[in-house]
Structure formats: structure tokens, C-alpha cells
Amino acid sequence: LVTAEKRCVAIFNSRPDFIEALRVALEVGGFSTNSAHLADIQDGTLDLVAFVACHQPQLIVYDLPRPYERHWNFLKLLKETQSLKAATWVLTTTDKKALEAAVGASGVVEIIFGEPYGVADVVEAVTKAFPTHAKG
């Protein structure tokens with residue numbers, strides 16, 4: 001079944017190599033993608049409100065790097081941003097046990113980049129989590 005609905009995913013990550021690999025895999029899977037580096041979001045270089053208004057992602061793949069406490073707190077602020085509240089989030093990290101110990105996060109997809117299954121695991125999580133109908 002082919003749908004005319006655009007399936008837009010935003011990728012927020014600190015590793016350009018992972019962003020590119022995930023972008024290619026998601027686009028092969030039928031998603032449109034836009035990406036941003038976490039540092040550009042956090043330091044205000046990227047106008048996140050304008051980015052979201054322009055691209056209107058329905059799902060956001062957000063990586064939680066170290067230091068976990070700082071990135072977890074920033075993520076909580078982002079999720080309260082009005083324009084991002086309706087989005088579905090897939091959270092990734094490279095050390096799930098350390099993240100859970102630091103902030104009590106659960107439901108995070110662990111990725112091991114450099115291994116083929118890292119990107120595939122995230123694509124699978126995006127496919128499962130993607131909203132089946134538009135919110136709003």
C-alpha cells in the first residue's frame with residue numbers, strides 16, 4: 001500500500017558518520033529525513049523552532065551522548081517545546097546501562113555504530129514507532 005503522506009524523520013546526533021548512515025537507510029526505507037548536529041541545537045547555532053516549522057518532522061531520532069545528565073535535561077526541555085510536543089521520539093545511545101544508571105532512562109535504543117546492526121536497529125525502531133496517522 002503506497003501512501004501519499006510524507007513520513008518525515010529528523011535526526012539529531014553528534015556524529016556526522018552516523019547521521020549519514022542513518023539518513024541513507026531511512027530514505028531507502030521510504031522516509032524523508034532532515035538532520036542537525038546536537039551541538040548546533042544546544043548552542044543555538046541552529047534555530048530549532050524554525051527547523052521544526054520548516055521540516056515538520058513527525059518522528060525525531062535523538063541521540064543521548066555523555067555527559068548523560070546534561071543531555072537528558074536538555075532533551076526534557078526540548079520535549080516540552082510546543083512545536084515538538086506532537087512528535088514521536090526514538091532515543092538512542094551508545095551505552096544504555098550507563099545512561100539508565102545516570103538518569104533512570106528506559107526505552108532507549110542502544111546503538112553500536114560501526115556494527116551493521118546499529119543502523120538497522122534504529123531503522124526498525126523508527127518503523128515501529130512511526131505514527132500511523134498524522135497528529136493534530
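Me: Is Cys8 buried or exposed?

Reply: This is a predicted model, and in it Cys8 is buried, because its relative accessible area is 1%, under the 20% cut-off for that label.

Me: How many disulfides does a search of the whole structure find?

Reply: A disulfide is a covalent bond between the sulfur atoms of two cysteines. Here the search finds zero of them. The cysteine sulfur closest to that of Cys8 belongs to Cys54, and because the two are 9.3 Å apart they are too far from each other for a bond. Cys54 itself counts as exposed, since its relative accessibility is 58%.

Me: Which residues have the most contacts inside the largest nonpolar core?

Reply: That core holds 22 residues, and those with the most contacts inside it are Phe12, Leu48, Ile60, Tyr62, Trp89 and Leu91. The elements that give two or more residues to it are strands E1, E3 and E4 together with helices H2, H3 and H4, and H4 gives the most, with four residues.

Me: Which way do the side chains of E4 point?

Reply: In a regular strand the side chains alternate between the two faces of the sheet. In E4, Thr88, Val90 and Thr92 point one way, while Trp89, Leu91 and Thr93 point the other way, and all of these are buried. The strand is accordingly described as mostly covered, with six of its six residues buried.

Me: What does Trp89 touch, beyond its neighbours within four places in sequence?

Reply: With those neighbours left aside, Trp89 is in contact with Ile60, Tyr62, Leu75, Leu78, Lys79 and Leu84. Ile60 is also its partner in the strand pairing, where the two residues form a bridge.

Me: In which sense do the strands around E4 pair?

Reply: E3 and E4 pair in the parallel sense over five bridges, and with H4 they make a right-handed β-α-β unit. E4 also pairs with strand E5 (residues 109–110), again in the parallel sense, over two bridges, and there Val109 is the bridge partner of Thr92. From E4 the chain crosses through helix H5 (residues 96–103) to E5, in a β-α-β crossover that is right-handed.

Me: Lastly, what surrounds Thr33?

Reply: Thr33 lies in strand E2 (residues 32–37), and because its relative accessibility is 12%, it counts as buried. Leaving aside its neighbours within four places in sequence, Thr33 is in contact with Val9, Ile11, Arg23, Leu26 and Glu27. With Glu27 there is also a polar contact of 2.7 Å between the two side chains.

Definitions and conventions. Residues are numbered from 1 along each chain as its sequence is written. This is a predicted model: local features need pLDDT of at least 70, side-chain atom pairs count only at pLDDT 80 or more; totals for chains, interfaces and linings use all residues. Side-chain values use heavy atoms; hydrogens and water are left out. Buried means under 20% relative accessible area, exposed over 50%, partly exposed in between (1.4 Å probe, protein chains only). A polar contact is a pair of N or O atoms within 3.5 Å; within protein, one must be able to donate a hydrogen and the other to accept it, and residues adjacent in sequence count only if both atoms are side-chain atoms. Contact means heavy atoms within 4.5 Å. A nonpolar core is a set of buried Ala, Val, Leu, Ile, Met, Phe, Trp, Tyr and Cys residues joined through side-chain atoms within 4.5 Å. Two strands pair if DSSP finds at least two bridges between them. A crossover is right-handed if, with the strands pointing away from the viewer, the path from the first strand over the helix to the second runs clockwise. A disulfide is a pair of cysteine sulfur atoms within 2.5 Å.
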